[in-house]
Amino acid sequence: MPVTLESLAARLGRRTGAVLRLVERMHADGLVETGPSGLRLTATGNDWALQVVRAHRLWERYLSDQAGWPLADLHAEADRREHSRPPGELDALDAGLGHPPHDPHGDPIPTASGDLERKPSVSLTRWPVGVPGEIAHIEDEPAAAYEQILAMGLRPGAQIRVIESTPSRLLAEVDLAQHSLAPIVAAGVAVRPAAHIPTPVGVPLTALRVGDRATVSALDASCQGLTRRRLLDLGVTPGVTIEAALPNPFGDPLAYRVRGTLIALRSEQAQHVIVDPTTITRGAH
Amino acid sequence: MDPGAPRTAALGIRTPNPDYVVALAGNPNTGKSTVFNALTGLRQHTGNWPGKTVARAEGVLEHRGRKYALVDLPGTYSLLSASVDEEIARDFILFGRPDCTIVTRPRRLEVGAPLARAADELAVMLDRAYPGLPSARWIGMRLLDGDQRVREAVRGGADILARADALRRTLDGAFRDRLVEAIYAEAQRIAARAVRQTGRARVDADHWVDRVLTSRIFGLPIMLATLALVFWITVSLANVPSELLAGFLFWIEEQGAAAFGRLGVPAWIAGLIWHGTYRGLAWVVSVMLPPMAIFFPLFTILEDLGYLPRVAFNLDRLFRRAGAHGKQALTMSMGFGCNAAGVIATRIIDSPRERLIAILTNTFVPCNGRFPTLILLASVFVAAALPAHLAALAAAGSVVLVVLIGVIVTLVASWGMSRTVLRGEPSAFTLELPPFRRPDVIRILYTSLIDRTLFVLMRAVKVAVPAGTIIWILGNVPLGGRSLSALAAGLLDPLGRAVGLDGVIMAFVIAIPANEIVLPTVLMVYAGAGMMIGPEGFDNLRDLLVGDHGWTLLTAVNLMLFSLLHNPCGTTIWTIWAETRSPRWTALGALVPLGVAFAVTFATATLARILGWI
């Protein structure tokens, strides 16, 4: 599809006149050129664009992992931050986050030298019925469709299987629950062949009552960044025995005994700790 | 000169010529400090790590003619540096190369095969580039994890860094999980070999105590009673030494001024030095020192016992709703002693966003420099309107009410800031409930008197000295027939009137270094005196305020509110800067409370006018 002033204006939601001035400035800076199929980025322009994409995705990662923002709010704030910080600060951010390969939507983050990992994935609407896949990416625009997908609990990395696909409706099974999606919404979900990582089965730690013990089987994949690191550092690792030891006057947080230490976890943290239901031993209440 | 000296100096070691440097590293609350104290006794230096706001302890031990410098590293959960504490510990061990590090450090981690292969490959490269490097494999893992400091340390090997980046991309995202699991597995193997556990009795006893302290019925009453007891002891014990100290220090002032007079020193020099500079100093010391010297040790006992984390645990729900951390209850309690100390105490909150909230709102808790003002106004105005037998109760009740307002404002401000200016700051909740311990009294006296009381007092003195000088100048230098202080009060009068006060709010401006001297400055202006005066200097304070200066109940209430809510004192602002090193947070820490103080007092004044109370 050729890129024209009109198509750009429509995509950006701006008037054609404003976009014309923008393109003229980019032209003067050597960022865009006019090719046989309309406007396109020059090599310099492409490098710049990759750095902006890198900034955007790193900020999304930061806001989600470190500051604990809800997924639906990430895009707008990352849009604000992607242009405003110097490149040096970006490298420090990248390092501080431990050089994450993907943003919270599952998109690859370009490296400082501009390398971008491309894994083949296809839209959910074209994924074959019955074949298990893994959600590779969820498009965060348009916002309305994105929020609908999030509300259903779909996440990058989740296991998915299409049960039925018709032009008017798509029925899919995600983590044992069935969801019905309009094709326009399903188009925002990209799927790739399932990796061979067994998904953790179990119940959240919040299922334990005071006095109960169980074995930790995993930390939920949606728990990342500082919170995950702290949990690991406190010794909440797969295989460890954890006991709900002490309530407080308001019932939350609860103190858990793990590796001989008493630590308080708020319910929103305890939810991320998955325990093996077969190992639960009920204590005296 | 000792050939070892440059190296120990580079480590920041202050012990002269040690034979060995020994670092103590490990998790918080694992008895590291107990070992440290047992070995070094009181032969310790305490202070901060260079350029950091993390406490540092170093001690000396002599054994069989050898001198050992012991460094107690900050407690860390891991060397996968996530916090300043962890960075310091890692840097000291990795780059400082102490002679010996006492820690359960994993030697050979059993990690999954892909990670092990990647780390081994890097270790071979590292070994070739830097022969004889200890723990090359561990450094390889740090490179895979993307540790920036370790990257900088091996920046000579660009090929190694490039290879590490390439290898990282071949590993799955749960890489860090594997690493931590492996560290714990190794620690468990070591513990199984080396640690003997004798019975569960301690754990059960602790558990029983915990059940009571955090129970639905007793938890909150025990907490309130304990804190009330601490405040009661502080207030009742501090009065006498405070008066004695004030009497003594002001006696020196008189003697000094008289001696200057006999020596023929011009009166203005004697006034400036003795009634200005010295008086400001004496005032701050006599009001601040006794309560802090009583409050901080008591508070440190509760801390040492392990009780304070239980208070944070009990109250966390309340603070969580405000976007804050339960430990803020502790930094607020510390704020009753001194807001600067409260700000320093926020170091116990290791989540950056919640720590900033606690720093920026600490001033809404009235410190002991503001309590005398609150008590005085409550007894002169609220209590005086009631029959004698109710007076004391009413005065106490109104002070409690003011404190409650402070707590409510703290929670509302925390809520507001966590959703606006602080929303993008990192956050992760952790709260450990350490085992109960018998308090070490000598250690408590040492840390609370030296590290807290004297530390804060020195800071306060540094700002009180110039303030005393300036206040004297304002009170004595005339301009067009009136003193500068009277002129300033006149200038600020319209602003003061708008918030139900008068020009004396300028006392809050010039007495910014310490809240202790706000009231003496107010009285100085009202009495037209040339130096600060305390309320004892007046036979009938009520007549002066109501009769001569038209005070109403609203004036008193709003002065109490303004005193509660206004900007922190200079010492606290300085401390906010020292703790955050950020102009932005320091400015917010000063201006947000000031804005709140004006908004609240303006609201009450306007309401009173509309209802026709004044």
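Reader: What makes the order β3-β8-β4-β5-β6-β7 of chain A an open sheet, and which strands are its edges?

Author: In this predicted model, six strands of chain A follow one another in the order β3-β8-β4-β5-β6-β7, with antiparallel pairing, and form an open sheet. The edge strands are β3 (122–123) and β7 (177–181) of chain A, each of which pairs on one side only.

Reader: How do you know that β6 (residues 169–174) of chain A and β7(A) pair?

Author: Two strands pair if DSSP finds at least two bridges between them; β6 of chain A and β7(A) have five bridges, in the antiparallel sense, and therefore they count as paired.

Reader: Which strands does β10 (residues 213–219) of chain A pair with, and how do you know?

Author: Three bridges join β10 to strand β11 (residues 241–246) of chain A, the two running antiparallel, and three bridges also link β10(A) in the antiparallel sense to strand β14 (residues 273–275) of chain A. Because the cut-off is at least two bridges, β10(A) is paired with β11(A) and with β14(A). On the β11(A) side A:T215 stands opposite A:T241, while on the β14(A) side A:L219 stands opposite A:V273.

Reader: What makes β13(A) and strand β6 (residues 431–433) of chain B a pair?

Author: β13(A) and β6(B) share three bridges in the antiparallel sense, and the cut-off is at least two, so the pairing holds between a strand of chain A and a strand of chain B. Within it, the bridge partner of A:A264 in β6(B) is B:L431.

Reader: How many residues does each chain bring to the contact, and which element of chain A gives the most?

Author: The contact takes 31 residues from chain A and 37 residues from chain B. On the side of chain A that touches chain B, α8 (225–233) and β13 (261–265) each supply at least two residues, and α8(A) gives the most, with six residues. By class, that side of chain A has 16 nonpolar, 10 polar and five charged residues.

Reader: What does the predictor give as confidence for the complex, and where in chain B does pLDDT stay under 50?

Author: The complex has an ipTM of 0.78 and a pTM of 0.79, and chain B has a mean pLDDT of 81, with 86% of its residues at 70 or more. Over residues 1–5 of chain B, however, pLDDT stays under 50, and the model has three contacts beyond four places in sequence for them. Residues 104–108 of chain B are also below 50, with six contacts in the model beyond near neighbours in sequence.

Methods: Residues are numbered from 1 along each chain as its sequence is written. Chains are lettered from A and ligands numbered from 1 in the order in which they are written. This is a predicted model: local features need pLDDT of at least 70, side-chain atom pairs count only at pLDDT 80 or more; totals for chains, interfaces and linings use all residues. Helices (H or I, at least four residues) and strands (E, at least two) are DSSP runs, numbered from the N terminus. Two residues are in contact if their C-beta atoms, placed from the backbone, lie within 7 Å. Ala, Val, Leu, Ile, Met, Phe, Trp, Tyr, Cys and Pro count as nonpolar, Asp, Glu, Lys and Arg as charged, and the others, Gly among them, as polar. pLDDT is the predictor's confidence in each residue, from 0 to 100.
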